[in-house]
Structure formats: structure tokens, C-alpha cells
Amino acid sequence: MASDHAGYEMKEAIKAHLAAAGYEIVDFGTNSADSCDYADYAHPLANAISTKQLNVGIAFCGSGNGINMTLNHHYGVRSAYCWQDEITRLARQHNDANICVMPARFLSEETCWEIAQIFLSTAFEGGRHQRRIEKIDRF
């Protein structure tokens, strides 16, 4: 998990839900609501995904945009901007997304928890979608 200051409270809330559900959590920060830069926390999460130390991640920032853009600059990272159930399902089923990003200032804790559960429980369909994701990291 990772967030900036605007996503800190939501990260902590969803982290508590995940821990209660038995998930093992690696938290790359931030560790407070003090102003900070999302990239400082996005890069370590993306590196862990890119090097296959972790299989999936969840990240937050105020709008979700900045942290998502940063994450997607890493080879092997397919970070998806998730704000609705169906978008989240499709991110996993069709795009094999490995990081779920949510806009902390625009979603409720209940919605974020629902999205996290969908993201973590939905499988990649493979098939015709596999050849498409293989074309992402070509450059």
C-alpha cells in the first residue's frame, strides 16, 4: 500500500479492513497526514511490483491521478484508476491490473473497501486479453 498525505487516512482505514480480513500488508507510507509528495511513496510500491516482490498493491492520493501516473511509469506495473465496482472488475479481468488506485477525496471508506475487495478477489481472464497486455511494456 502507498499514499500521499491526502490519501493517508483512507489508506489507514482500508489497511485496517485488510488486516482484519487476514491480508498481509506492506505499507510504503506515508505515515502521517503531513504534506508530502506522492511519488516518494509510489516509486517503492511500483518497484516491489515490478521486481515481483509483491503481486498486487493498493494506492491512494487525493484525486488518484498523480500517484497513478507515477506508478504506471514502471515496467511491469499496470496501475488502474478504480472508482466503481465494474471498472475495478474489468481492470483485473481484462487488463490484469496489479495496482488499484483510488481517489481518497472522492470516495467513501465503504466504497473504497468494496473496491479493494473486488480488486483482490477478481481473476485475470487471460485469452485475448493476454496478447493486449503483452504489448504494454514494449518500449
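**Exercise 1.** Classify Tyr-81 as buried or exposed, or in between.

*Solution.* Start with the cut-offs: buried means under 20% relative accessible area, exposed over 50%, partly exposed in between (1.4 Å probe, protein chains only). Tyr-81 has a relative accessible area of 27%, so Tyr-81 is partly exposed. Trp-83, at 36%, is partly exposed too.

This is a predicted model: local features need pLDDT of at least 70, side-chain atom pairs count only at pLDDT 80 or more, and totals for chains, interfaces and linings use all residues. Residues are numbered from 1 along each chain as its sequence is written, and side-chain values use heavy atoms, with hydrogens and water left out.

**Exercise 2.** Work out how the rings of Tyr-81 and Trp-83 are arranged.

*Solution.* Rings of Phe, Tyr and Trp (its six-membered ring) pair if their centres lie within 6.5 Å; planes under 30 degrees apart count as stacked, over 60 as edge-to-face and the rest as tilted. The count by this rule is one aromatic pair. The ring centres of Tyr-81 and Trp-83 are 5.7 Å apart and the planes stand at 45 degrees, so the pair is tilted.

**Exercise 3.** Describe the surroundings of Ile-67.

*Solution.* Next, its accessibility: Ile-67 has 0%, so Ile-67 is buried. Then list contacts (heavy atoms within 4.5 Å). Leaving aside residues up to four places away in sequence, Ile-67 touches Ala-2, Ser-3, Tyr-38, Ala-42, Ala-59, Phe-60, Cys-61 and Val-101.
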